[in-house]
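Subject: Handover of a structure

Dear colleague,

Please find the structure below, together with its sequence. I would be grateful if you would read the notes that follow with the model open beside you.

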Amino acid sequence: MEPSTRTIMIATTDPMEAAATPEQSAGERVSELQNTVSPSRLSLFLQCRLKFFFRYVAQIQKPKTAALHVGSSVHAVLKQWNKARWREQPLSLKQLHDEYSKAWSEAEEVAQWEPGEEDEEKKVGWRLVETYMRESKIPPTLKPDAVEVPVEADLSEHGLPKLIGILDLVQQRIIIDFKTSSQTPNAERVAHTNEVQISSYAVLYRHNTGQKENGLELHHLVKTKNPKLVITALPPMTDQQQSRLFTLIEGYVDGLDRRDFIPSPGLQCVSCEFFNECRAWH
């Protein structure tokens with residue numbers, strides 16, 4: 001297929017040129033992105049190719065939102081809790097609170113808090129941690145199989161780039177991923193919307209262990225007035241799911257080859273951090 005002649009312009013500047021640095025040109029960055037693919041990159045490319053361009057090719061930096069700050073702080077505490085279990089040195093609730101305070105202060109700052117917002121959001125995050133400790137039913141003495149492990153899978157035999165990712169937690173051969181949400185998740189919907197991620201994790205797990213996972217779980221911490229934990233248990237990846245994933249990765253590589261960075265206007269644009277840049281696209 002011939003490369004697309006489609007170009008992207010932001011105002012009067014070609015972002016492919018604007019993104020270039022003395023260390024790495026935009027073209028080199030695209031080539032690098034074709035060599036490896038992660039679940040998050042692939043998901044964003046499928047969601048909106050122009051947003052993918054802004055984040056990974058042009059590398060436009062945007063302030064972290066309050067919701068992301070809460071989520072990353074909670075995730076950091078759960079990481080420390082699971083690592084402590086792996087070392088067979090479980091943490092007390094006070095130690096967890098200390099870890100949370102540390103994670104909150106060390107995380108990338110939100111650009112601007114509204115008056116009183118930071119204290120309130122910090123309390124929300126800690127309530128989520130307490131909820132997880134109370135409702136997850138995971139014994140503190142149960143040693144995980146793996147915690148926050150960076151893994152990769154060479155997919156060259158399928159004509160695909162290297163798949164990379166980080167497994168949050170593997171417990172008794174069940175792959176577990178943590179998420180925060182403002183709404184109670186629907187099991188069927190989250191299974192569909194997270195299929196790229198969970199299939200990727202299954203491929204990575206099988207490639208690195210030589211074993212088939214016992215299942216996958218999405219642990220949603222829901223930020224309602226009374227926080228709750230919703231666990232969506234999913235069966236092992238099917239052959240059909242793997243085939244779909246590989247087809248999507250192939251489309252990712254082909255799209256980058258064509259520099260196919262077009263927007264996908266929709267309801268999701270309301271909360272997109274690149275809204276203004278997208279409005280200037282032509």
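In helix H4, the buried residues are Leu50, Lys51, Phe52, Phe53, Phe54, Tyr56 and Val57, where buried means under 20% relative accessible area, exposed means over 50%, and partly exposed lies in between (1.4 Å probe, protein chains only). With seven of its nine residues buried, H4 is mostly covered. Helices (H or I, at least four residues) and strands (E, at least two) are DSSP runs, numbered from the N terminus. Gln59 follows H4 and has a positive phi, near 55°.

Please note that this is a predicted model, in which local features need pLDDT of at least 70 and side-chain atom pairs count only at pLDDT 80 or more, while totals for chains, interfaces and linings use all residues. Residues are numbered from 1 along each chain as its sequence is written, and side-chain values use heavy atoms, with hydrogens and water left out.

On confidence, pLDDT is the predictor's confidence in each residue, from 0 to 100. The protein has a mean pLDDT of 89, and 91% of its residues reach 70 or more. Over residues 1-22, however, pLDDT stays under 50, and the model has 37 contacts beyond four places in sequence for this stretch. Contact means heavy atoms within 4.5 Å.

Next, the aromatic residues. A pair of aromatic rings is described by the distance of the centres and the angle of the planes. Rings of Phe, Tyr and Trp (its six-membered ring) pair if their centres lie within 6.5 Å; planes under 30 degrees apart count as stacked, over 60 as edge-to-face and the rest as tilted. The whole structure holds 13 aromatic pairs. In one of them, Phe53 and Phe54 are edge-to-face, because their ring centres are 6.0 Å apart and their planes stand at 70°. Phe53 has 0% relative accessibility and counts as buried; Phe54, at 1%, is buried as well. Phe53 also pairs with Phe261 in a tilted arrangement, at 5.1 Å centre to centre with 50° between the planes. Since Phe53 lies in H4 (residues 49-57) and Phe261 in the loop between helix H10 (239-257) and helix H11 (275-279), this pair ties together parts that are 208 residues apart in sequence. One aromatic cluster is formed by Phe45, Phe52, Phe53, Phe54, Tyr56, Tyr252, Phe261 and Phe274.

Two rings have a charge over them, which requires NZ of Lys or CZ of Arg within 6 Å of the ring centre and within 35 degrees of the ring normal. Arg85 lies over the face of Trp81, 4.6 Å from the ring centre, and the charged end of Lys143 is over the ring of Trp86, 5.1 Å from its centre.

A nonpolar core is a set of buried Ala, Val, Leu, Ile, Met, Phe, Trp, Tyr and Cys residues joined through side-chain atoms within 4.5 Å. The largest one has 44 residues, and those with the most contacts inside it are Phe52, Val57, Leu155, Val203, Ile249, Tyr252 and Leu256. Which helix gives the largest share of this core? Helix H9 does, with seven residues. Val203 is in contact with residues including Leu155, Leu163 and Phe246, its neighbours within four places in sequence being left aside. A second, separate core has 22 residues, among them Val70, Tyr100, Val110 and Trp126.

Turning to the strands, two strands pair if DSSP finds at least two bridges between them. Strand S4 (residues 174-181) is largely enclosed by the rest of the structure, because six of its eight residues are buried. S4 pairs with strand S3 (residues 162-171) in the antiparallel sense over three bridges, and Ile176 is the bridge partner of Leu169. Two residues lie between the strands of this hairpin, in which Gln172 takes a positive phi near 50°. S4 and strand S5 (residues 215-222) run parallel and are joined by eight bridges; Thr180 has Leu221 as its bridge partner in S5.

Finally, two loop residues deserve a look. Most residues other than glycine have a negative phi, and most peptide bonds are trans. Lys137, although not a glycine, has a positive phi of about 65°; Lys137 is in the loop between helix H7 (117-135) and strand S2 and is exposed, with a relative accessible area of 70%. Arg259 likewise has a positive phi, of about 55°. Arg259 belongs to the loop between H10 and H11 and is partly exposed at 28% relative accessibility.

Yours sincerely
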